[in-house]
Amino acid sequence: MIEEVSEGLYLVMGANRGRFPYSHSILAVGDAIALFDTGCGAEAIREVTGRFPVDLVINSHTHPDHFSGNHHFREHELWVPEMFADILPDLEAMSLRLAGEGDAARDWLHLVREILGHRPTPCTDRFREGDVIDLGRLRLTALHTPGHTADHFCFLEEGKGILLSFDIDLTPFGPWYGHVECDLGDFRSSLRRIRDLEPRMIVSSHRHPVTSGIREELDAFEAHFDARTMRIAGMLEEGSAMPEELSRVSPIYGVPQSDFPLFRYFESRMIEKHLELLVEEGGAVIMEDGSYRLIS
């Protein structure tokens, strides 16, 4: 389903209701037509191409639920964030970056190749902070908003006060930062940058657009950081532990004892971010064996 959420701006509903490993895509229709992200699934892409003569495809960041359908647009311009543009066609390099090594990387490659059916597609151009997608009636400015990934971008239509926020998605799950490159401080700064913009509408990749209570939604989304840090600190009261050990209890995903290595890897990295924060704040130390212990 494709829904117009503002004049010239359409939300393309992704498969699995836009939940991972899919996402919603966004169409911006002006003098030209731009499609933001292609992870909505093959059926939704067929609906897009059947109704709209897309001119330009843009990836908000290099996550598979946002680039998995790029190969359906091989004859189109494809713009991606500058930082990881060179390795986008190299799935082995992408798996190392996003999932490390071993079973988690194999899971990641299976997900991207076999489940999502992605076929690597080189970009034709790159964008960076401040670049403008000028569609005449719509002008969308690229804003670098790292934290979720190092190369995550939002786009602002300043005249309408509409922010395309992608994986700063304001879902009840809260922020996601399950790679080595992710950074809690950067994520908080990105949220505060968005808050200072005072957008009138936020269109994200995994829920319906937000048009009221935006500041409260942003505050609630950011509050997950502190809540998770407290929860993980509480788990260390039983003794020192490594991130992988704590991930078996699943304080973030809420799926204890999952046997899916990729999710265990993601949750371990998220837990690790909070443990590192506790160390920085003087509340914990790293032991010689790599485990973390609270300072009593």
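**Close-up views of a predicted model**

**View 1. Strand E12 is covered on both faces.** Strand E12 (residues 201–204) has Met201 and Val203 buried on one side, and Ile202 and Ser204 buried on the other. Buried means under 20% relative accessible area, exposed over 50%, and partly exposed in between (1.4 Å probe, protein chains only). Helices (H or I, at least four residues) and strands (E, at least two) are DSSP runs, numbered from the N terminus. This is a predicted model, in which local features need pLDDT of at least 70 and side-chain atom pairs count only at pLDDT 80 or more, while totals for chains, interfaces and linings use all residues. Residues are numbered from 1 along each chain as its sequence is written, and side-chain values use heavy atoms, with hydrogens and water left out.

**View 2. Asp151 and Arg97 form a salt bridge.** A salt bridge is a side-chain nitrogen of Lys or Arg within 4 Å of a carboxyl oxygen of Asp or Glu. Here the N to O distance is 3.5 Å. Asp151 lies in the loop between strands E9 (139–144) and E10 (153–157), and Arg97 in helix H3 (residues 91–99), so the pair ties together parts 54 residues apart in sequence. Asp151 is buried at 0% relative accessibility, and Arg97 is buried at 12%.

**View 3. Arg195 and Glu222 form a salt bridge.** The N to O distance is 2.8 Å. Because Arg195 lies in helix H5 and Glu222 in helix H6 (residues 214–235), the pair ties together parts 27 residues apart in sequence. Salt bridges with shared partners join Arg188, Arg192, Arg195, Asp219, Glu222 and Asp226 into one network.
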